[in-house]
Amino acid sequence: MDTEVIVVGAGPAGLMLTGELRLAGVDVITLEKLPERTGESRGLGFTARTMEVFDQRGLLSRFGEVQTSNVGHFGGLPVDFGVLEGAHQAAKTVPQSHTEAVLEAWVGDLGGDLRRGHEVLSFTDEGDRVTARVRTPDGDTVELTARHLVGCDGGRSMVRKASGFDFPGTAATMEMFLADVSGLELAPRMIGETFEGGMVMVGPLPGGITRLILCERGTPPQRRTAAPSFEEVVAGWKRVTGEDISHGEPVWVSSFGDATRQVTEYRRGRVLLAGDAAHVHLPAGGQGMNTSIQDAVNLGWKLAAVVRGRVGEELLDTYHSERHPVGTRLLMNTRAQGLLFLSGPEMQPLRDVIKELIGYLPVSRHLAAMVSGLEIRYELGGGDHPLLGLRMPNLPLTAACGATSTTELLRPGRGVLLDLGDNLHLRRRALGWTDRVDIVTATPRNPTEGDLANTAAVLLRPDGHVAWAAPGCHQDLPTSLARWFGPARTA
């Protein structure tokens with residue numbers, strides 16, 4: 001075979017997946033049909049969970065100075081994300097182009113093979129391999145073979161269509177504009193402002209650029225073969241707000257709709273989907289890119305373990321069983337936000353009620369965690385420990401090597417068995433997995449407070465989710481290690 005995995009698409013999901021696979025030593029070829037990065041800002045910033053994910057891989061420092069904030073919204077109604085104790089603040093103004101540049105550099109450092117200007121024309125799942133026909137920058141057609149192929153090629157995914165994945169949902173009912181413009185001096189409307197004729201958002205970007213989003217009610221979706229003109233944005237902005245922005249200089253103009261769709265399965269044989277290839281939705285709360293990155297982190301270590309022969313193909317079934325429900329909730333909350341944000345005056349009574357409910361701390365915390373991606377609990381079964389299935393937040397620890405944290409321990413992309421009780425018997429039971437799992441004896445710096453209080457040990461998957469904890473899990477440690485990391489190494 002030419003490689004172990006072919007990743008189609010070099011957006012955030014494809015690059016993150018490539019990096020995760022390379023951390024595990026998997027041979028990957030990443031194919032991107034565009035000859036170079038577009039440089040378009042697209043998705044802005046990261047949610048708190050993506051900040052955690054990047055921190056777990058040591059990537060945050062590569063972004064330089066990042067503006068963060070706890071100010072957020074749900075359907076245009078302000079929500080204080082500061083109620084999420086112990087979580088990162090969200091990054092607000094990092095353009096997707098910068099995110100892709102950082103991830104591409106990381107992939108390069110890990111020895112990734114990124115081939116731009118290579119378009120996948122077709123592929124065949126042959127049962128024991130996937131063969132892809134690829135057009136090269138020279139116009140030649142070559143064949144590449146791999147054990148698995150992953151489509152990270154966006155909402156119009158060629159991989160999804162060619163594999164026949166079912167993609168049910170609702171078609172777009174309206175068209176909206178997004179534009180990055182220089183030379184404007186508009187008051188920020190970071191969480192949007194509703195007018196009789198629609199909704200607008202205004203946010204500052206680096207370099208004197210202003211991000212505009214225009215949602216004008218009653219604008220039917222169009223089948224475009226090219227980007228909309230800036231004149232269309234100017235006219236719509238005038239109709240909705242009464243403001244004249246014609247003196248601005250457009251940097252980039254695009255359109256999008258409110259289509260909501262999700263594939264019924266994230267895997268078909270040796271072909272898998274991640275990111276927008278698996279789910280499309282209204283970009284409410286900036287959740288799309290973040291969910292796509294987290295898809296990749298969930299899939300990466302599992303696919304690596306299967307490719308390495310450490311576990312059977314059934315581990316890949318947990319990618320669907322864990323991430324499909326996350327995608328379903330994503331579609332639910334973005335549709336709800338769209339109704340609140342983009343409907344007319346008839347929705348105002350409901351907006352008023354929800355605004356009142358947000359004033360209650362449990363409601364505010366619930367909505368903030370939903371939009372941030374911090375509410376996710378994978379249904380792992382096997383116990384009632386309160387951490388089981390949740391992501392492990394950044395918690396300070398003291399180990400034999402000195403000060404560390406749960407986040408630092410996850411940086412190599414391996415499993416972590418955290419022994420909090422200096423239990424030699426526990427550590428001996430895990431010795432057969434030390435080629436895949438790091439065993440660390442440590443104590444929390446705040447032992448009576450926080451997430452690790454009254455916990456003797458936890459097993460962390462490479463994606464940072466708790467796979468086993470004691471006391472409270474019905475399965476013993478070797479059973480859980482074998483479930484997630486394969487059989488113990490024989491002497």
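Axes here are lines fitted to C-alpha atoms, for helices over the stretch in contact, and angles run from 0 to 180 degrees between N-to-C directions. With that in hand, the axes of helix α1 (residues 12-23) and α6 come within 8 Å and cross at roughly 25 degrees. The model is predicted, so local features need pLDDT of at least 70 and side-chain atom pairs count only at pLDDT 80 or more, while totals for chains, interfaces and linings use all residues. Residues are numbered from 1 along each chain as its sequence is written, and side-chain values use heavy atoms, with hydrogens and water left out. Helices (H or I, at least four residues) and strands (E, at least two) are DSSP runs, numbered from the N terminus.

**Helix α1 against α6**

- α1 and α6 are therefore roughly parallel to each other; by the cut-offs used, angles under 35 degrees count as roughly parallel, over 145 as roughly antiparallel, 65 to 115 as roughly perpendicular and the rest as oblique.
- Their crossing is right-handed; a crossing is left-handed if the near helix is turned anticlockwise from the far one by less than a right angle, and right-handed if clockwise.
- On the α1 side, the contact (heavy atoms within 4.5 Å) is made by Pro12, Ala13, Met16, Leu17, Glu20 and Leu21.
- The α6 residues in this contact include Met289, Ile293, Val297 and Leu303.
- The contact of α1 with α6 divides into twelve nonpolar, two polar and one charged residues; Ala, Val, Leu, Ile, Met, Phe, Trp, Tyr, Cys and Pro count as nonpolar, Asp, Glu, Lys and Arg as charged, and the others, Gly among them, as polar.

- Strands in the order β3-β7-β4 make an open sheet of three, with antiparallel pairing; two strands pair if DSSP finds at least two bridges between them.
- The edges of this sheet are β3 (44-46) and β4 (68-69), each of which pairs on one side only.
- Helix α2 (residues 48-56) packs on the sheet and touches β3, β4 and β7, with its direction at about 70 degrees to that of β3.
- β4 and strand β7 (residues 90-95) run antiparallel and are joined by two bridges, and Thr68 has Ala91 of β7 as its bridge partner.
- α2 also meets helix α6 (residues 287-307): their axes come within 9 Å and cross at roughly 40 degrees.
- α2 and α6 are therefore oblique to each other, and α2 passes α6 in a left-handed crossing.
- Arg49, Thr50, Val53 and Phe54 of α2 make the contact with Asn290, Ile293, Gln294 and Val297 of α6, a set with four nonpolar, three polar and one charged residues.
- What joins the side chains of Asp55 and Arg411? They meet in a salt bridge (2.8 Å, N to O), where the term means a side-chain nitrogen of Lys or Arg within 4 Å of a carboxyl oxygen of Asp or Glu.
- This pair links distant parts of the chain, 356 residues apart: Asp55 lies in helix α2, and Arg411 in the loop between α10 (406-409) and β25 (415-419).
- The whole structure holds 34 salt bridges.

- Two bridges join β13 to the antiparallel strand β19 (residues 260-262); Thr170 has Thr260 as its bridge partner in β19.
- α7 packs with helix α9 (residues 361-372) at an angle of about 120 degrees, their axes 10 Å apart, in a left-handed crossing.
- Arg329, Met332, Asn333 and Gln337 of α7 make this contact with His366, Met370 and Val371 of α9.

**Hairpin and backbone details**

- Strand β5 (residues 71-74) and strand β6 (residues 77-80) pair in the antiparallel sense over four bridges, with Gly72 partnered by Val79 of β6.
- β5 and β6 form a hairpin with two residues between them, and Gly75 in the turn has a positive phi of about 60 degrees.
- The peptide bond from Ala470 to Pro471 is cis, with omega near -5 degrees; Pro471 sits in the loop between β28 (466-470) and α12 (477-485).
- Asp422, a residue other than glycine, has a positive phi near 50 degrees and lies in the loop between β25 and α11 (424-429).
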